[in-house]
Amino acid sequence: MISVRQISDETLIDSYYKALDLRLESDFLELLLAEIQRRKLKLSVMVKDEAPLN
């Protein structure tokens, strides 16, 4: 089984945005967000169907 610590930063962030879009379980979103924060990554503001705003 692959841990969230083993996936790339890009895959982690993409997964978080996709999970939000699909309205997945809050526990899963919290798991992804905790790892994003642990890595000190920044999230961009997303507007539906548009590229990230920086």
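Biologist: Why is leucine 24 called partly exposed?

Modeller: This is a predicted model, and in it leucine 24 has a relative accessible area of 38%. Buried would need a value under 20% and exposed a value over 50%, so leucine 24, at 38%, is called partly exposed.

Biologist: Where is the place of leucine 24 in the chain?

Modeller: Leucine 24 sits in the loop between helix H1 (9-22) and helix H2 (26-38), in a chain whose secondary structure comes to two helices and zero strands.

Biologist: What makes Leu24 part of a nonpolar patch on the surface, and which residues form that patch?

Modeller: The patch is formed by Leu22, Leu24, Phe28 and Leu31, which together have about 350 Å² of accessible area.

Biologist: Which residues form the largest nonpolar core?

Modeller: That core has eight residues, namely Leu12, Ile13, Tyr16, Tyr17, Ala19, Leu29, Leu32 and Ile36. H1 and H2 are the elements that give two or more residues to this core, and the largest share, five residues, comes from H1.

Biologist: Leaving aside its neighbours within four places in sequence, which residues is leucine 32 in contact with?

Modeller: With those neighbours left aside, leucine 32 is in contact with Val4, Leu12, Ser15, Tyr16 and Ala19; contact requires heavy atoms within 4.5 Å.

Methods:
Residues numbered from 1 in each chain as written. Predicted model: local features only at pLDDT ≥ 70, side-chain atom pairs only at ≥ 80, totals over all residues. Heavy atoms only, no water. Helix = DSSP H or I, 4+ residues; strand = E, 2+ residues; numbered from the N terminus. Patch = residues over 30% accessible without salt bridge, like charges linked within 9 Å, V, L, I, M, F, W, Y side chains within 5 Å. Areas by Shrake-Rupley, 256 points an atom, 1.4 Å probe, with all protein chains shown as cover. Salt bridge = Lys/Arg side-chain N within 4 Å of Asp/Glu carboxyl O. Buried < 20%, exposed > 50% of the residue type's maximum accessible area, 1.4 Å probe, protein only. Core = buried A, V, L, I, M, F, W, Y, C linked by side-chain atoms within 4.5 Å.
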